[in-house]
Amino acid sequence: MTWLITGGAGYIGSHVVKAMTEGGERVVILDDLSTGTKERVPDGIPLEVGTVLDRALLDRVLREHAITGIVHLAGKKQVAESVARPLYYYRENVEGLRNLLAAAVDAGVTRFLFSSSASVYGMPDVDLVTEDTPCQPMSPYGETKLAGEWLVSSVGAAHGLATASLRYFNVAGAATPELADEGVFNLVPMVFERLTAGEAPRVFGDDYATPDGTCVRDYIHVEDIASAHLAAARRLASDPSAALVLNIGRGEGVSVSEMVAVIQDITGIAEPAPVITERRPGDPARVVASAGRIRDELGWAARHDVRAMVTSAWSGWTLRH
Ligand code: WQD
C-alpha cells in the first residue's frame, strides 16, 4: 500500500509519518504548510504542497503516487478560534474532508483513516468515556470532527472503503526535540511559557467536582498517538470491511494541578507557584478515555506516562527558546 498523509508536515502528522515509515509503510505527504513545516518532512519522503480543498491537486496526487490509503490529519484544531470562525472551520474541516473523500472514491482509494478528537464528547458526565458515550460537542471544532466521522462512515459504507476514526485525547510530548509542538495552545506549552517568563502558571478554576478541584484530562504521548495510527493502518490494510471508531487515550486521569507539579519538577522551575484564576468557559471537569476498544480491536495500548510527555516536550521547548 501507499498512504497519503494529509497534514503530515505538522506536529501530530510528522509523528505519524515517522511511525509509519519506521513501520515499513510507503507514505506521501500532502500539506499546505499553513502550520506544518518542511523541516518536519524526512529526507526521501515526497511532499506535495497544497490544500485538500483543491480537487485538481488531489486528483493529480492520488494518481501520480498511486495512493491506495489515506490518513487524514490536515485540519484546524483550535477550539477558541472555531467559536469565532465557524465558517472557516466548517470549510477547512468538513468541506475539505468531503472533497478529499470524493477524490478518494473516484481514484479507487479503499482505506481511509480519519483524525477525530475527544472534543466530540463535549462535557461527558462519566468516569471513563467509551466510544458509545453520547457525543454532544461544545464547539464548532468538535462539531466538525463529529460531522467528519459521520461523513467518513457514510462514504465508507456506500463506496466500500475500510475506515477508522481515531478520537485523540490530550496530546503532548515529542519523539525528538525537533518534532515538538511549536504551538502554545495547550496546557503543557502554556505553562512552559509562563515559567520561562518568570510568571506564575495559571490554573483555570479549582472548584470543579474533582479530587483536587481542577480539571482532569487523559494526556497521551504523541508517539503513542502515532503508533496507534500505524496499528490502525495495518488493520485497514488487512480488513477491507473495517468500520472503526476508536478512542486513543491512556485511560488514566491527571488533574491540572498534578500536571503543573510535574512540569515544575521536570523543568526545575519551582517558582512562582501556580495561581488559581476563573474557570475557562466550556471546560468539562473530567474527560478520560476508556481505552478498551482499541486494545480489543488493534491490540494497542499506550506506553508513555506524563513524565515522559513533559520531559520530551521540555526538550523541544528548550531547543527552540
Ligand atoms: C487542558 C486543561 C484547561 C492552560 C483541547 C481541545 C481538544 C484537544 C486538546 C484537539 C483544561 C487547563 C490550560 C492553562 C489551565 N485538541 N489549563 N491553564 O481544553 O482539555 O482540550 O485541546 O483535538 O479537542 O478541546 O486542552 O490543553 O487547552 O487544557 O488550567 O494555562 O488545562 O482549563 O482543563 P483541552 P487544554
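**Salt bridges, helix packing and local backbone geometry**

In this predicted model, Arg 307 forms a salt bridge with Asp 265, with 2.7 Å between the closest N and O atoms. Because Arg 307 belongs to helix H10 (residues 306-320) and Asp 265 to helix H8, the pair ties together parts that stand 42 residues apart in sequence. Arg 307 counts as partly exposed at 39% relative accessibility, and Asp 265 is likewise partly exposed, with a relative accessible area of 47%.

This contact is one of the 22 salt bridges that the structure holds. In another, the side chains of Arg 55 and Asp 106 meet at 2.6 Å, N to O; since Arg 55 lies in helix H2 and Asp 106 in helix H4 (residues 86-107), this pair ties together parts that are 51 residues apart in sequence. Arg 55 is partly exposed, at 25% relative accessibility, whereas Asp 106 is exposed, its relative accessible area being 60%; the cut-off that assigns the label to Asp 106 is a value over 50%. A further salt bridge brings together the side chains of Asp 207 and Arg 279, at 2.8 Å from N to O. Here the pair links distant parts of the chain that are 72 residues apart, with Asp 207 placed in the loop between strand E8 (202-204) and strand E9 (216-217), and Arg 279 in the loop between E13 and strand E14 (286-287). Arg 279 is partly exposed, with a relative accessible area of 42%. Beyond these pairs, a network of salt bridges links Arg 40, Glu 182 and Arg 320.

Helix H8, which carries Asp 265, has 12 residues and reaches 16 Å from its first C-alpha to its last, close to the 16 Å expected at 1.5 Å a residue. Its buried residues are Val 256, Met 259, Val 260, Val 262, Ile 263, Gln 264, Ile 266 and Thr 267. These buried residues of H8 pack against helix H6 (187-196), E8, strand E10 (219-221), strand E12 (254-255) and H10, and H10 is also the helix in which Arg 307, the salt-bridge partner of Asp 265, lies. Gly 268, which follows H8, has a positive phi near 80°. In the loop between helix H8 (256-267) and strand E13 (275-277) lies Pro 272, and a cis peptide bond with omega of about -5° joins Glu 271 to Pro 272.

Gly 160 follows H5 and has a positive phi, near 70°.

For helix H1 (residues 11-22) and helix H7 (residues 222-238), the axes are 8 Å apart and the helices pack at an angle of about 55°. H1 and H7 are therefore oblique to each other, and H1 passes H7 in a right-handed crossing. On the H1 side, the residues in contact are Tyr 11, Ile 12, His 15, Val 16, Ala 19 and Met 20, and in H7 they meet Val 222, Glu 223, Ile 225, Ala 226, Ser 227, His 229, Leu 230 and Ala 233.

Positive phi values also occur in residues other than glycine. Leu 33, with phi near 60°, is such a residue, and its place is in the loop between strand E2 (26-31) and strand E3 (47-49); with a relative accessible area of 25%, Leu 33 is partly exposed. At 49% relative accessibility, Ala 66 counts as partly exposed.

Conventions: Residues are numbered from 1 along each chain as its sequence is written. Side-chain values use heavy atoms; hydrogens and water are left out. Helices (H or I, at least four residues) and strands (E, at least two) are DSSP runs, numbered from the N terminus. Buried means under 20% relative accessible area, exposed over 50%, partly exposed in between (1.4 Å probe, protein chains only). A salt bridge is a side-chain nitrogen of Lys or Arg within 4 Å of a carboxyl oxygen of Asp or Glu. Axes are lines fitted to C-alpha atoms, for helices over the stretch in contact, and angles run from 0 to 180 degrees between N-to-C directions. Angles under 35 degrees count as roughly parallel, over 145 as roughly antiparallel, 65 to 115 as roughly perpendicular and the rest as oblique. A crossing is left-handed if the near helix is turned anticlockwise from the far one by less than a right angle, and right-handed if clockwise. Contact means heavy atoms within 4.5 Å. The expected span of a helix is 1.5 Å times one less than its number of residues.
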